[in-house]
Amino acid sequence: MPLSLQQVEHIAELAKLALTDEEKERYRLQLSAILEYADMLQRLDLDGVPPMSHAVALTNITRPDEPAASSPRDEILANAPDHKDGLIRVRPILE
Amino acid sequence: MEYEAIIGMEVHAQLLTRSKMFCACAADYAAAPPNTRVCPVCLGMPGTLPVINRRAVEFVVMTGLALHCRIADHSRFARKNYHYPDLPKGYQISQYELPLCSDGYLEIEVDGRVKRIGIERVHLEEDTAKLIHTGEHSLIDANRAGVPLMEIVSAPDLRTGEEARQYLTRLRTILRYLGVSSGNMEEGSMRCEVNISLRPAGTDVRGTKVEVKNLNSFRSVKQAIEYETERQRRLLESGERVVQVTMGWDEARGRTVLQRVKESADDYRYFPEPDLPPLELSREWVERIRASLPELPEARRERFVRDYGLSAYDAGVLTADRDVADFFEAVAGLGGDAKGAANWITGEIFRLMNARGLEMSQMPIRPAQLCELMGLIREGVITTTIAKDVLGYMVDTGDSPGAIVQQRGLAQVRDAAALEAVARQVIADNPDAVAQYLAGKEQVLKFLVGQMMRATKGQANPTLAAEILKALLAQGR
């Protein structure tokens, strides 16, 4: 099932991407090919195979609850688009 | 038509871990300058990997056990994708299909009967950054981003604002007993959202759900539900329909205000968090956590009734706050009269706490001092009336009751000669009462004793005062 143009636009909206008409069509085809592949996997007979969510067989990787130093604020703010009084400044959010 | 409200609650509680959920930044940001509890992990910088805080998992399991939940054998985290500046990574690590705990319950009391409120799930996630809106800009403090947050979702079993208030109160009591969250709503460490829909009473019609946010006190939860129930009832009765929206509670105006119209279901595109391997909760691990649980409020309440002979009501009031219950047990453990201690705590001590805005943990009164105060009354050194004043001085100064009684000369007047003079004055000043008494209305004696207590500012020994009055009045017959 190829994706519709509306579906591509919806995904772009969720990802906050502004796409040109040409890009929408290109991604529609690429994403459809990926879904087609997933469809092939869906058709496999997997009765009796437990579902998995991770490719690496690790479990219970945890850390003890011990605090350590955070990063210097200058370094943190150096990555921000803008800042004021130690706070990261962004465009206004309408509530 | 009669309608009934179908109410479900979502409670978010910050966990009292020392470090954040997936990194070692300190979790306590209350006094920290903005963006000083932040590192590349909680900011989601490329190339970083989160690691699960084991203690946070244990706190959620403790909560699940206290709420009679099923603890998952396998659990995993999920990515909840949405863009908002309070979310540095562009997604929140949460749980979706396999929460740590599910299918539990919490009991409340409705009209003297126990009502079970289902707990659908208890899961673990991370808190978001704090946003400050200046109008011209929005400012971000990421100290809160990544603080462990527990979400507790009730089944839609609640019917009234009062039931919701009680559910929330009991839930907070449990969290505090467990020591997993401060449960402080005013400071935002516990937050609450409610879903409300109405349906014709007795049917199983599904009404349209309205979500109410921004509820930051027990009172506002109750008021918002009552307001919203009434609003929806009026809409339905006038033949209009309820629209699926998110409302905010305006505390100042006492009403719900439209925040956002929900046109379609939120599209968060949850998927298993690839950066975090799943959790396997072995039976041994869960049993170790179970063994570490403190005595919970329900059990403690029953024990107070059984061991100290308290009424169920008093036991409930005392055990609603762990610090209060601990204080009571300390007094009883020191050999203090348990029922007397319960009366003092639920009466005068609560009154003083309310009047001064103090929590039990902030009260300067020590258990041994309450014991001493009760001893002074028992030994007849002071009257109960004076003891109430002494308690007030104890809170103000932190001094012991014995020292206060001595410094302020509050010991009872037991000097018969001194009391006799007062009694004669009272008799002279109250001829009507005396006449009634002499005419056989003996309960008037209480009034006359009261006058003596007043004249001595509460320091007369009431038994002695009554005896002296009786003797003098007998002479006048």
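Colleague: Start with Arg303(B): buried or exposed?
Modeller: Its relative accessibility is 17%. Under 20% relative accessible area is buried, over 50% exposed, and in between partly exposed (1.4 Å probe, protein chains only). At 17%, therefore, Arg303(B) is buried.

Colleague: What kind of model is this?
Modeller: Residues are numbered from 1 along each chain as its sequence is written, while chains are lettered from A and ligands numbered from 1 in the order in which they are written. Side-chain values use heavy atoms, without hydrogens and water; local features need pLDDT of at least 70, side-chain atom pairs count only at pLDDT 80 or more, totals for chains, interfaces and linings use all residues, and the model is predicted.

Colleague: Which residue forms a salt bridge with Glu329(B)?
Modeller: A salt bridge needs a side-chain nitrogen of Lys or Arg within 4 Å of a carboxyl oxygen of Asp or Glu. Here N and O are 2.8 Å apart, and the partner of Glu329(B) is Arg303(B).

Colleague: Why does that pair tie together separate parts of the chain?
Modeller: Helices (H or I, at least four residues) and strands (E, at least two) are DSSP runs, numbered from the N terminus. Glu329(B) is in helix α7 (residues 322-333) of chain B, Arg303(B) in helix α5 (residues 297-308) of chain B. The pair ties these parts together because in sequence they are apart by 26 residues.

Colleague: Which residues are linked with Glu329(B) in a network of salt bridges?
Modeller: Glu329(B) itself is buried, at 18% relative accessible area. Its network of salt bridges also holds Glu295(B), Arg300(B), Arg303(B) and Asp326(B).

Colleague: How many salt bridges are there over all chains?
Modeller: One of them, in chain A, joins Asp82(A) to Arg89(A) at 3.0 Å. Both ends are partly exposed: Asp82(A) at 30%, Arg89(A) at 22%. Over all chains the count is 40.

Colleague: How many residues apart are Lys115(B) and Glu163(B)?
Modeller: Their side chains meet in a salt bridge, 2.9 Å from N to O. Lys115(B) lies in strand β8 (residues 113-126) of chain B and Glu163(B) in helix α2 (residues 161-178) of chain B, so the pair links distant parts of the chain, 48 residues apart.

Colleague: Which end of that pair is buried?
Modeller: Lys115(B) has 22% relative accessible area, so it is partly exposed. At 8%, the buried end is Glu163(B).

Colleague: At what angle do α2(B) and α5(B) cross?
Modeller: Axes are lines fitted to C-alpha atoms, for helices over the stretch in contact, with angles from 0 to 180 degrees between N-to-C directions. The two axes come within 10 Å and cross at roughly 90°.

Colleague: Roughly parallel or roughly perpendicular?
Modeller: Under 35 degrees is roughly parallel, over 145 roughly antiparallel, 65 to 115 roughly perpendicular, and the rest oblique. So α2(B) and α5(B) are roughly perpendicular.

Colleague: How many residues of that contact are charged?
Modeller: Contact means heavy atoms within 4.5 Å. Arg170(B), Thr173(B), Ile174(B) and Tyr177(B) of α2(B) meet Pro297(B), Glu298(B), Arg300(B) and Arg301(B) of α5(B). Ala, Val, Leu, Ile, Met, Phe, Trp, Tyr, Cys and Pro count as nonpolar, Asp, Glu, Lys and Arg as charged, the others, Gly among them, as polar. The contact then divides into three nonpolar, one polar and, for charged, four.

Colleague: What is the relative accessibility of Val395(B)?
Modeller: Val395(B) sits in helix α10 (residues 384-397) of chain B. Beyond four places in sequence, it contacts Leu352(B), Arg356(B), Leu358(B), Met363(B), Pro364(B) and Ile365(B). Val395(B) counts as buried, at 9%.
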